[in-house]
Amino acid sequence: MSTLTLCFRLNGAEVTREIPTSAVLAELLREEFGCTGVKLACSRAVCGACTVLLDGVPVAACATFAFRAEGAEVTTIEGVAEEDPVRRAFAEHSAFQCGYCTPGMILLAKALLARNPAPTREEIAAWMSSGLCRCTGYQMILEAVEIAARAGASA
Amino acid sequence: MMRVAGGLVAASQYALPPFVLHRPTTVEEASRHVAAGAVALAGGTDLVAQIREGLAIREVADLSQVRGLAGVSLAGGTLRIGAGTTHAEGAADPALRAALPGLAEAWGRIATARVRFTGTIGGNLMAGRPRYEGRLLFGTLGALLRFADGTTLPAERLAGEASRHRLLTDILIAGPERLLFRYERALRPMMTLALCLRREADGRLSGRAGIATERLAPAFLPLPELRAPAAEAEAAAAAAFAALPRDFADPMSGNAWLRAAGHATLARALKAIAA
């Protein structure tokens, strides 16, 4: 097969699309579903700007074939509520400058806190190091994750 | 797509060419597709990047539904690691942590949070990228790679192209209870170093070190027999690095620097492993 019918849940809603086998998840999410919070930058799974959650696991959507989302729950930044503790912590603590990395950073942080509700500073730094901030705003990003953890973001 | 200096590639956002997708459910079925030319897709964290860098593919065998490729077990004195084991699973596996804690610890430090839960050790090895650390770890350990067609290959001799049409199923490590293993990656990407010592029945220690860089496939260096690694660390490191080929260098890490840094790192690792 070189095309297939893909069914998955996107931010809580069932969706279906006919796609070529080679469709990349980031392009599908942006172009078919308008999820422009999935940022494209390196296209090689290096920078983390395109990070989404696939059944709660952070993946680089720019380097993931869309067919791997079959039957899965895909969460993009559009699926994270404004009152979400991580999102609020990033906003209230100004944990961004240009903002391009922010959706990926927030989703990375959510994945961390879902696994480890009370991470140490070192654990946060090790985990978040898979996201690159070209503005080098790491200090406030790390602090925002600590604030979110204290606010019970894993719940 | 534009190739630029040093093997780097300017990223392309353009759509990838379609391919025929196979979704096997058994090792035998997957092996047939791979032998016929399909590219095996394990965790799926690397292949898109490889295509963007110029890899031409016509068929893909998605291994995500193949049963029996993942997991760690110890039987008959041999540790078996399934090729489909993810980095997160491997590092946390109780059998591995008990049998060879140095490898579990090293495995827990490779890759990022976005790769660790989906990337597999089989994909790491078979991707053929020097900067992926599986070949250094398992090559230094003297591990054996077992393929679905029944053939085996020492991990240190793995070359991406030569093995591309075989499906890796297991990694085998004999006598893990006699192995001491340590991995040093603080200088990555300029240099990484692995150390494996085997305890012989009479108390002697034999073993080797492996050294790699971002762009160089590992070189494996035999160590002289040791009785007291801490006391003999400097001499053993000097002997090992005397065997490092003179052309082992890349644009970021020259041969003289690799010898000096490698010697210091290996000596430190020997002292630490003895402690």
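Colleague: Let's start with A:Phe65. Setting aside neighbours within four places in sequence, which residues is A:Phe65 in contact with?

Modeller: This is a predicted model, so take that as the setting. In chain A, the contacts of A:Phe65 are A:Thr21, A:Ser22, A:Ala23 and A:Leu25. From chain B come B:Leu16, B:Phe19, B:Leu41, B:Leu47, B:Val48 and B:Ile51.

Colleague: How do I read a nonpolar core, and which residues have the most contacts inside the largest one?

Modeller: In soluble globular proteins, nonpolar side chains tend to be buried together. Here the largest nonpolar core has 42 residues, and A:Phe8, A:Leu29 and A:Phe65 have the most contacts inside it.

Colleague: What about backbone angles? Which residues have a positive phi although they are not glycine?

Modeller: Most residues other than glycine have a negative phi. A:Asp55 has a positive phi of about 50°, and so does A:Ser94, also at about 50°. You'll find A:Asp55 in the loop between β3 (51-54) and β4 (57-60) of chain A, while A:Ser94 is in the loop between α2 (85-92) and α3 (102-115) of that chain.

Colleague: Is A:Asp55 buried or exposed?

Modeller: Exposed: A:Asp55 has a relative accessible area of 54%. A:Ser94 is partly exposed, at 38%.

Colleague: And where is B:Pro189 found?

Modeller: Look in the loop between β11 (179-184) and β12 (192-199) of chain B. Most peptide bonds are trans. The one from B:Arg188 to B:Pro189 is cis, with omega near 10°.

Notes: Residues are numbered from 1 along each chain as its sequence is written. Chains are lettered from A and ligands numbered from 1 in the order in which they are written. This is a predicted model: local features need pLDDT of at least 70, side-chain atom pairs count only at pLDDT 80 or more; totals for chains, interfaces and linings use all residues. Side-chain values use heavy atoms; hydrogens and water are left out. Helices (H or I, at least four residues) and strands (E, at least two) are DSSP runs, numbered from the N terminus. Buried means under 20% relative accessible area, exposed over 50%, partly exposed in between (1.4 Å probe, protein chains only). A nonpolar core is a set of buried Ala, Val, Leu, Ile, Met, Phe, Trp, Tyr and Cys residues joined through side-chain atoms within 4.5 Å. Contact means heavy atoms within 4.5 Å.
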